[in-house]
Amino acid sequence: MSDTAGQSESEASVVPARATQGVQSQGRDWSWVEASVWNERMLAALVNGVKGGKWFSLIDKVYRTQTLKAAWLRVKANAGAAGVDGVSVERYEAVAEKYLEELEEELKAGKYQAQPVKRVEIAKANGKKRPLGIPVVKDRIVQTAVKLVIEPIFEREFETSSYGFRPGRSAKEALRDVDGLLKEGYTFVVDADFDNCFETIPREPLMREVGERISDGAVLELIRGFLQQDIIHEMKRWTPLGGTPQGAVISPLLANIYLHRLDRYLKEKGYRMVRYADDFVVLCQSAQQAQAALDEVRIWVEQNGLKLNADKTHVGDCRQAGEGFEFLGYRFEAGRRWVRKKSLKAMRERIRMKTKRTRGASVAEIIEDLNPALRGWFNYFKHAHRLTFQRIDGMVRRRLRAVLRKHEKRPGMGLCRDDHQRWPNAFFAAQGLFTLEAAWEKLASQSR
């Protein structure tokens with residue numbers, strides 16, 4: 001799972017003003033829902049509850065012209081590569097009105113069939129490769145339409161301890177929750193790691209969970225079809241036996257629906273948990289409580305068809321050196337927050353790519369390219385220890401000095417004293433270089 005930009009502290013997003021006005025339930029703001037689907041009458045039913053807790057007659061909301069158009073606009077905004085049919089977003093856009101009309105008719109007639117997912121492999125920082133699924137544009141639109149219709153139904157149920165891939169919730173808020181619990185004395189932490197969670201979620205139990213709230217057979221068949229999509233990689237084609245559809249718009253929602261059971265289970269047992277997608281920690285007030293919590297997690301995982309990664313799952317007192325835990329890019333240890341090694345390595349590699357001596361750009365151009373990356377990184381990791389920023393700043397300036405030497409046709413890595421004297425820190429500040437430590441100092445002074 002990847003880190004997201006911070007949003008508001010409410011339980012749901014306060015984004016599109018075009019959505020419904022003033023409908024709230026249990027402190028939740030529903031203005032993020034798609035207004036063409038969730039009108040005042042439907043929202044009132046959502047707030048007050050429906051008979052038996054199940055929703056019928058939803059497929060007409062999925063294939064409605066306005067829903068498909070709204071879904072298409074979201075798919076278009078996200079761009080992305082073409083799937084197995086070779087139809088790109090740009091090509092689809094050229095005749096979008098015709099395609100959407102045909103798609104509406106297919107869905108109405110029950111003739112729509114999801115196409116296979118194209119698999120590509122993306123290189124990771126550790127040299128390994130990560131599989132990525134690319135559904136065809138048409139399937140992305142249908143998945144988005146289904147999501148627009150059913151997501152509010154499940155959002156009403158989700159626990160506040162869950163943050164990943166939810167409207168108006170963010171990684172920053174999850175980290176804030178963890179930080180607050182640590183300060184309250186919940187320092188004995190279960191750091192649990194699923195083993196390929198998204199690829200191993202069992203389908204039938206997942207469909208039963210979906211069926212607890214959705215009773216429209218046509219919508220359920222669409223979701224089941226997404227779960228059964230074939231995968232094509234190079235010359236191979238196969239049907240996965242489990243898991244949520246790779247790269248699919250709807251996959252994070254389906255995973256949250258399944259893992260909501262874990263959220264609820266641990267809450268009923270009295271434990272304090274923070275989860276972001278398949279990454280979660282359980283924070284406790286004693287070693288005994290933490291071990292008992294881990295035992296409960298193991299029981300639930302085994303009973304629900306998932307597995308924990310034994311090498312990455314542990315219990316520790318994060319106040320002690322060597323017993324910390326990692327969560328959403330940070331490492332919490334010995335009363336401090338650090339940037340985890342993997343995140344540091346990724347940032348250093350990004351800096352190296354932007355500051356190659358053979359790049360042929362001026363220092364001013366390189367700084368202009370670097371600054372957005374440095375600002376974005378700081379905005380997320382600004383609560384890390386000051387030393388982290390000093391070291392990254394030093395690396396950036398060293399590499400810029402090496403670039404300046406290259407411009408003068410002199411070998412060297414910008415490490416000698418003469419280079420520091422000729423191009424001191426103030427030189428780069430005058431060039432407009434964003435300095436992480438200076439940003440940290442400014443933030444620290446504001447909080448005093």
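1. Two strands are taken to pair if DSSP finds at least two bridges between them. Helices (H or I, at least four residues) and strands (E, at least two) are DSSP runs, numbered from the N terminus. The model is predicted: local features need pLDDT of at least 70, side-chain atom pairs count only at pLDDT 80 or more, and totals for chains, interfaces and linings use all residues. Residues are numbered from 1 along each chain as its sequence is written, and side-chain values use heavy atoms, with hydrogens and water left out.

2. Three strands form an open sheet in the order E11-E12-E13, with antiparallel pairing. Strand E11 (325-327) and strand E13 (336-339) each have a single partner strand, so one side of each is left without a neighbour in the sheet. On average, neighbouring strands here are turned by 30 degrees against each other, direction ignored; axes are lines fitted to C-alpha atoms, for helices over the stretch in contact, and angles run from 0 to 180 degrees between N-to-C directions.

3. E11 and strand E12 (residues 330-333) run antiparallel and are joined by three bridges. Phe-325 stands opposite Phe-332 in E12. Helix H7 (residues 171-183) packs on this sheet, touching E11, E12 and E13, and its direction makes about 150 degrees with that of E11; contact means heavy atoms within 4.5 Å.

4. The second largest pocket holds about 430 Å³ of space. On a 1 Å grid over the protein atoms alone, a pocket is an open set of points where a 1.4 Å probe fits, with protein on both sides within 12 Å along at least five of seven lines; lining residues have an atom within 4 Å of a point. The volume is the space filled by probe spheres set on the points, which are joined across faces, edges and corners.

5. Of the 18 residues lining this pocket, Asp-179, Lys-183, Phe-332, Arg-337 and His-383 lie nearest its centre. H7, E12, E13 and helix H14 (363-381) each give two or more residues to the lining. H7 supplies the largest share, six residues.

6. A second open sheet, of four strands, has the order E8-E9-E5-E10, with antiparallel pairing. Strand E8 (272-276) and strand E10 (314-317) are its edge strands. Strand E5 (residues 188-193) and strand E9 (residues 279-284) pair over six bridges, and Asp-193 stands opposite Asp-279 in E9. Helix H12 (residues 287-303) packs on this sheet, touching E5, E9 and E10.
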